[in-house]
Amino acid sequence: MTETKKLPKAPAQHRWYFWVGWALVLLLIGWSFTGMPSFALKENAVVVAKSMWHGLTHPDWAYVWTGDGEDLTNALLQTFGIAFLGTFISAIISLPFAFWAAHTPNRFWLTSRSGKFILTAIRTFPEIVMALMFIKAVGPGSFAGVLAVGFHSVGMLAKLFSEAIENMDSGAGESVTAAGGNRLEVTLLASLPQLLPEFVSNTLYRFELAIRSASILGMVGAGGVGTPLIFAIQTRSWSRVGIILIGIIIMVTAVDWLSGTLRKRLV
Amino acid sequence: MAEPKPVIEFEHVNKIYSNGVVGLKDIELTIMPGEFVVVVGLSGAGKSTLMRAVNRLHDISTGDIRIDGESITKARGKQLLHIRRKIGMIFQNFNLVKRATVLKNVLTGRVGYYPTWKMLFGLFSAEDKQRAYEALQTVELEDKVYTRADQLSGGQQQRVSIARALTQSPRIILADEPIASLDPQTTKRVMDDLRRINQELGITVLINLHNVELALEYGTRIVGIRAGEKVFDGPVADADAATMAQIYTGQEEG
């Protein structure tokens with residue numbers, strides 16, 4: 001007769017690392033506090049907070065549309081344009097990078113590794129830094145914003161694309177080869193039809209993020225709604241800040257909803 | 001009438017994988033036009049390797065394989081593509097572009113007849129679209145022509161891939177475990193289609209199966225493979241239970 005075996009206890013070998021890890025985290029938190037200056041509010045903090053609150057709750061509705069091209073609607077449209085064009089450009093740049101970085105069978109590991117390294121390098125540059133550099137190159141304005149969004153997005157978009165390529169089912173391509181197709185024809189007839197919906201979906205997702213970052217690029221002079229926002233904050237016209245924030249929220253929500261709906265249909 | 005020429009010839013074919021595993025060992029095989037040849041053997045015996053060697057999806061190590069008297073082993077570039085287009089292939093996992101329509105999938109079979117730039121724009125001729133539609137009629141799926149491939153059942157997808165192979169106007173159809181992921185009814189459907197293609201259109205069929213009953217029911221000739229070696233080759237009538245047992249277990253019965 002065989003005896004019922006009891007579930008053995010989980011091996012306890014990693015307990016030690018667990019406690020040391022937590023001790024390190026706590027130590028880091030404590031150490032961070034030592035660098036903090038004494039916590040004190042400015043004297044007029046309450047007054048400023050009050051006027052801020054008043055401004056934000058009484059937005060400057062007149063600013064929405066003034067007709068002279070210097071209003072909120074125009075600024076938002078410009079931001080939308082920067083994000084759209086930037087994402088579009090980056091989607092195109094991303095394609096060759098994605099195929100370079102994709103780690104597919106029968107490829108030398110260094111090829112894809114070097115591609116992945118470059119994409120990581122691109123991702124480490126914040127958009128703001130890119131915008132500042134492009135302003136030096138092409139002057140302040142939306143074009144610098146487009147380039148900043150365009151180049152920064154490549155880092156993430158090409159990575160998403162290359163993952164789509166890695167996860168692709170290679171069977172359909174094999175069938176094209178078997179029918180006498182060359183490599184390019186395999187790509188055209190089997191790979192692209194499978195990848196395109198995924199690519200478009202990734203691009204839309206990236207566009208959602210680009211709208212958010214394009215909103216603040218104007219703060220360094222790269223065009224869009226960020227410019228009036230930073231002016232309004234510096235001149236303490238809180239009611240103007242209020243309406244701009246409302247505008248940004250509405251635009252971001254609308255774009256999220258729209259692109260989310262589109263993406264659901266694609267897959 | 002002239003003596004019929006073999007459509008597929010294997011001459012001392014060896015395949016050794018890069019990790020040292022022997023895939024095929026000195027295979028000699030001659031297949032005549034119109035035959036329905038079933039390759040049987042255990043999983044891993046080299047059946048798939050044999051199939052894929054025919055259209056060079058896998059390269060062989062030594063030996064020669066000739067299609068219609070022309071060596072595919074030595075063929076390069078265009079020549080290789082032109083030999084391949086004579087050989088339709090059906091796969092275990094159907095290998096369709098799932099997001100594309102049935103028509104587009106079936107048209108893919110014609111790729112070998114077009115210059116690449118035309119494929120860039122998907123420019124298939126009206127004549128080929130009609131040919132694709134007729135191939136779909138052969139497998140009785142003409143009403144699904146504009147349906148997306150992923151909306152079909154497994155059996156229907158496999159029949160679409162048969163239509164794709166037919167559109168190629170092939171001399172040979174290779175079927176690599178075409179029914180391994182199908183239920184018994186659908187299996188019968190697919191096998192009947194293949195038999196019809198073989199008998200009515202005279203296309204040579206080379207198929208591998210691991211179901212002995214099906215092999216005996218549909219095949220005209222059985223080739224037994226064990227550990228990369230051909231251990232049996234003969235008409236179905238000669239493949240009795242003892243022979244089959246020998247192919248599968250390597251032991252003489254009785």
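Q: In which order do the six strands of the open sheet in chain B lie, and what kind of pairing do they have?
A: In this predicted model, the open sheet of chain B has its six strands in the order β6-β7-β8-β3-β9-β10, and the pairing is mixed.

Q: Which strands are the edge strands?
A: An edge strand pairs on one side only, and in chain B this holds for β6 (87–90) and β10 (229–235). Across this sheet, neighbouring strands are turned by 15° against each other on average, with direction ignored.

Q: In what sense do β3 and β8 of chain B pair?
A: Strand β3 (residues 36–40) of chain B runs parallel to strand β8 (residues 204–208) of chain B, and four bridges join the pair. Within this pairing, B:Val37 is found opposite B:Leu206 of β8(B).

Q: Which strands does helix α1 of chain B lie across?
A: Helix α1 (residues 47–54) of chain B lies across β3, β6, β7 (172–176), β8 and β9 (221–226) of chain B, and its direction makes an angle of about 150° with β8(B).

Q: Why are α3(A) and α4(A) described as oblique to each other?
A: A crossing angle is read from the two helix axes, and here those of α3 (residues 72–101) and α4 (residues 109–124) of chain A come within 7 Å and cross at roughly 135°; the two helices are therefore oblique to each other.

Q: Which residues make that contact?
A: From α3(A) come A:Phe97, A:Trp100 and A:Ala101, while α4(A) supplies A:Ser112, A:Gly115, A:Lys116 and A:Leu119.

Conventions:
Residues numbered from 1 in each chain as written. Chains lettered and ligands numbered in written order. Predicted model: local features only at pLDDT ≥ 70, side-chain atom pairs only at ≥ 80, totals over all residues. Axes fitted to C-alpha atoms, helices over the stretch in contact; angles between N-to-C directions. Parallel < 35°, antiparallel > 145°, perpendicular 65-115°, else oblique. Contact = placed C-beta atoms within 7 Å. Pairing = 2+ DSSP bridges.
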